[in-house]
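Subject: Structure handover

Hello,

Here is the structure I said I would pass on. My notes on what turned up follow below it.

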Amino acid sequence: MEADITGNMDENTDLGISLDPYIESVRQQLEDLDPLFLIGVLVALAVVIITCVFLKYFLTSKTVQSAVLLVGLCDAGKTLLFSRLLSGKFKRTQTSITDNSAPYKVKNDRKTIWTLIDLPGHESLRPQYLEKFKSAARAIVFVVDSAIFQKEVRDVAEFLYVLLTDPVLCCTAPALLVVCNKQDITMAKSAKLIQQQLEKELTTLRVTRSAALSAQDGSAGGSVYLGKKGKDFDFNQVPMKVEFLECSARGAKGEDCDADIQALEGSLAKL
């Protein structure tokens, strides 16, 4: 045993002696280098380290997008849809004045859990709650009342315009699921018709908003230009993946039966 220890020490000693000339040579070369060159190397290393830290922070911040936001005008059916997604049960609701949130287990093999957040639909409350939660949005479920869509098309388009030109949302690009609710009502408009009318309305709205900005100071206030210049707007022109779906949170057979929200559940399962 003692012979083995002595042998290892001798080997380490020999290795240390054999490395001395090399270490001395490297030290001498470093001393002979131009100080400005060394400073440049250090600056380059610092840039690399800072870049790595930034990328790590950026990638980490993207993984924080774990919320599914339910938005839309008042009485579009957001809160009932919120209840149906969570429990499957019908629940009588009233206009929300604050947000409601709960964990939502997606119906897929991965058993993914997102945070489902129902935001108030009143025009005076929407901006502050959208600002609060938009950075965490993995998906935005925009609920439309299909039964009275013709009366609300302008208001729906204006709310969508805010979402589609928001710099944060254009950067994070959450999925945008436009849910055409209340399909159980006879006069409800189809998802295809609602999409077509919204594209026309948003094309018009883009012109009026641009004209209003030009009449003022020409500043867009940090918002992103909607769609492509010189072309009529369509939803394929935005950075978000947009999907139009039909559903009925109430259910085609009444309150005591299941809701017709399979299309929405299927899209949420793919997030």
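Valine 141 counts as buried because its relative accessibility is 0%, where buried means under 20% relative accessible area, exposed means over 50%, and partly exposed is in between (1.4 Å probe, protein chains only). Valine 141 is part of strand β4; helices (H or I, at least four residues) and strands (E, at least two) are DSSP runs, numbered from the N terminus. Leaving out residues up to four places away in sequence, valine 141 touches Val68, Leu69, Leu70, Val71, Leu81, Leu177, Val179, Leu264 and Leu268. Contact here means heavy atoms within 4.5 Å. Valine 141 and leucine 69 are 72 residues apart along the chain, yet their C-alpha atoms are separated by 5.9 Å.

Before going on, note that this is a predicted model, in which local features need pLDDT of at least 70 and side-chain atom pairs count only at pLDDT 80 or more, while totals for chains, interfaces and linings use all residues. Residues are numbered from 1 along each chain as its sequence is written, and side-chain values use heavy atoms, with hydrogens and water left out.

Confidence

pLDDT is the predictor's confidence in each residue, from 0 to 100. The chain has a mean pLDDT of 84, and 80% of its residues reach 70 or more. Residues 1–6 have pLDDT below 50, and this stretch has zero contacts in the model beyond near neighbours in sequence. Where pLDDT is low, the predicted coordinates should not be read in detail.

Overall layout

The chain contains eight helices and six strands. Along the sequence they come in the pattern α-α-β-α-β-β-α-β-α-α-β-α-β-α. Of the 271 residues in the chain, 38% are buried. If you take contacts between residues at least 6 apart in sequence, 73% of them join residues at least 24 apart.

The nonpolar cores

In soluble globular proteins, nonpolar side chains tend to be buried together. A nonpolar core is a set of buried Ala, Val, Leu, Ile, Met, Phe, Trp, Tyr and Cys residues joined through side-chain atoms within 4.5 Å. Which residues touch the most other members of the largest nonpolar core? They are Leu69, Phe142, Leu163, Leu164, Leu198 and Leu202, in a core of 38 residues. At least two residues of this core come from each of β1 (67–72), α4 (126–133), β4 (137–145), α5 (149–164), β5 (175–181) and α7 (191–215). The most is given by α5, with nine residues. Another core lies apart from this one; it has 27 residues, including Phe82, Val106, Leu177 and Leu268.

Leucine 69 also has a list of partners. Beyond its neighbours within four places in sequence, leucine 69 is in contact with Ile117, Leu119, Phe133, Lys134, Ala137, Ala139, Ile140 and Val141.

Salt bridges

A salt bridge is a side-chain nitrogen of Lys or Arg within 4 Å of a carboxyl oxygen of Asp or Glu. The count by this rule is seven.

Lysine 182 pairs with aspartate 145, with the closest N and O atoms 2.9 Å apart. Lysine 182 is in the loop between β5 and α7 and aspartate 145 is in strand β4, so the pair ties together parts 37 residues apart in sequence. Aspartate 145 is buried, at a relative accessible area of 6%.

Arginine 154 forms a salt bridge with glutamate 201, and their closest N and O atoms are 3.1 Å apart. This pair links helix α5, which holds arginine 154, to helix α7, which holds glutamate 201, across 47 residues.

Aspartate 184 forms a salt bridge with arginine 250, the closest N and O atoms being 3.8 Å apart. Aspartate 184 is partly exposed at 28% relative accessibility, and arginine 250 is partly exposed with a relative accessible area of 36%. Elsewhere, salt bridges link Glu131, Lys134 and Asp166 in a network.

Regards
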